Amino acid sequence: MLNTVVKDIKFPELPYAFNALEPYIDAQTMEIHYTKHHKAYYDKFQAAVKGTGFENMVFGDLLKQISKSPAGVRNNGGGLLNHDLFWNVMSNDGGGEPTGDLANTINNAFGSFEKFKEAFGSAAATRFGSGWAWLIVDGSGNLKVTSTPNQDSPLMDVAEQRGTPILCLDVWEHAYYLKYQNRRPDYIGAWWNVVDWKVVGRNFSKVNG
Ligand code: MN
C-alpha cells in the first residue's frame with residue numbers, strides 16, 4: 001500500500017474470517033470494525049484526495065508530508081493505513097513470544113519480553129482518548145514503544161516519534177467496547193493472545209534487512 005499511488009489503492013482484504021480471533025476479539029466487533037470503520041476511512045480518504053494533487057502521490061510520500069494536507073486526508077489516510085497493519089499482525093495462530101533476531105533485539109532494547117509487554121501495554125492503556133500503541137524501528141534501527149493520537153501514524157511527519165511500525169494496537173473504543181466496555185486493560189491483556197509474532201518478525205526483517 002505504501003508504494004502505491006493513492007488513487008490506485010484498493011480496499012485491503014481482511015486476512016481471516018470475522019470470528020477468527022474469538023474469544024479475544026469477538027466476531028461482531030471484527031465485522032463492524034472492518035466493514036464499517038475501516039471501509040469508511042478508505043472511502044472518506046479517497047473522497048478527500050479526489051481532484052487534488054494528493055491522489056497522484058505515492059502513499060508513503062504523502063505520509064512524509066501529511067502536515068501539508070487537510071485534516072480529512074490525514075485522519076482518513078491514517079485510518080486506512082493503520083488498520084491494514086493491525087489486521088495483519090493478528091491471527092488465530094497468535095500468542096507466545098517472538099523468536100530469532102526480533103526476540104534478541106527486544107531483549108536488548110527493553111531488558112526482556114515481559115518488560116517490553118509492560119511498556120507497550122502501558123503506552124496503550126495511557127493513551128488518552130482514541131489512538132494507537134506502536135512498536136517501531138526508528139531511523140537509527142532501534143526499537144521503540146510509542147503511541148499516537150487519533151489516526152496518526154509514526155510514518156507521518158506530524159508524529160512525535162517517527163519510525164517504521166512493525167506492530168500496532170488500536171485503542172479506539174470501537175475496537176473493544178462491545179466485548180470489554182470501558183475495560184481497556186482487559187482488552188490489551190487479551191490481545192497478546194492473537195499477536196502473530198511470525199508476521200511481526202517478518203516486518204522487522206523488512207526494515208532491518
Ligand atoms: Mn479502529
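Here are some friendly notes on this predicted model, point by point.

1. Ground rules first. The model is predicted, so local features are taken at pLDDT of at least 70 and side-chain atom pairs only at pLDDT 80 or more, while totals for chains, interfaces and linings use all residues. Residues are numbered from 1 along each chain as its sequence is written, and side-chain values use heavy atoms, with hydrogens and water left out.

2. The cut-offs are under 20% relative accessible area for buried, over 50% for exposed, and in between for partly exposed (1.4 Å probe, protein chains only).

3. Aromatic residues deserve a look. The structure holds 19 aromatic pairs. One of them joins F86 and W87, which are tilted, with 5.6 Å centre to centre and 40° between the planes. Another tilted pair is Y180 with Y187: the ring centres are 5.9 Å apart and the planes stand at 55°. For reference, rings of Phe, Tyr and Trp (its six-membered ring) pair if their centres lie within 6.5 Å; planes under 30 degrees apart are stacked, over 60 edge-to-face, and the rest tilted.

4. These two pairs can also be placed by accessibility. F86 and W87 are both buried. Y180 is buried at 9% relative accessibility, and Y187 is buried with a relative accessible area of 1%.

5. Which residues do ring pairs link into a cluster? They are F11, Y34, Y42, F86, W87, W132 and W134. Of these, Y34 belongs to helix α1 and is buried, with a relative accessible area of 12%. Y34 and E13 are 21 residues apart in sequence and 9.3 Å apart in space, C-alpha to C-alpha. Helices (H or I, at least four residues) and strands (E, at least two) are DSSP runs numbered from the N terminus.

6. Two lysines sit over rings. K39 lies over the face of F11, 6.0 Å from the ring centre, and the charged end of K179 is over the ring of Y180, 5.8 Å from its centre. The criterion is NZ of Lys or CZ of Arg within 6 Å of the ring centre and within 35 degrees of the ring normal.

7. The largest pocket holds about 490 Å³ of space. It is lined by 19 residues, and those closest to its centre are L2, L85, P165, N203 and K206. The elements giving two or more residues to this lining are α3 (71–88), β3 (164–170) and α8 (197–208). A pocket is an open set of points on a 1 Å grid over the protein atoms alone, where a 1.4 Å probe fits, with protein on both sides within 12 Å along at least five of seven lines; lining residues have an atom within 4 Å of a point. The volume is the space filled by probe spheres set on the points, which are joined across faces, edges and corners.

8. On backbone geometry, please check three spots. A cis peptide bond joins E22 and P23, with omega about 0°, and P23 lies in the segment before α1 (27–49). N150 is not a glycine but has a positive phi of about 55°; N150 is in the loop between β2 (143–149) and β3 and is partly exposed at 41% relative accessibility. Q181, also a residue other than glycine, has a positive phi near 50°. Q181 is in the loop between α6 (177–180) and α7 (184–191) and is partly exposed, with a relative accessible area of 28%.

9. A last point concerns M30 in helix α1. M30 is buried at 1% relative accessibility. M30 and A17 are 13 residues apart in sequence and 8.8 Å apart in space, C-alpha to C-alpha.
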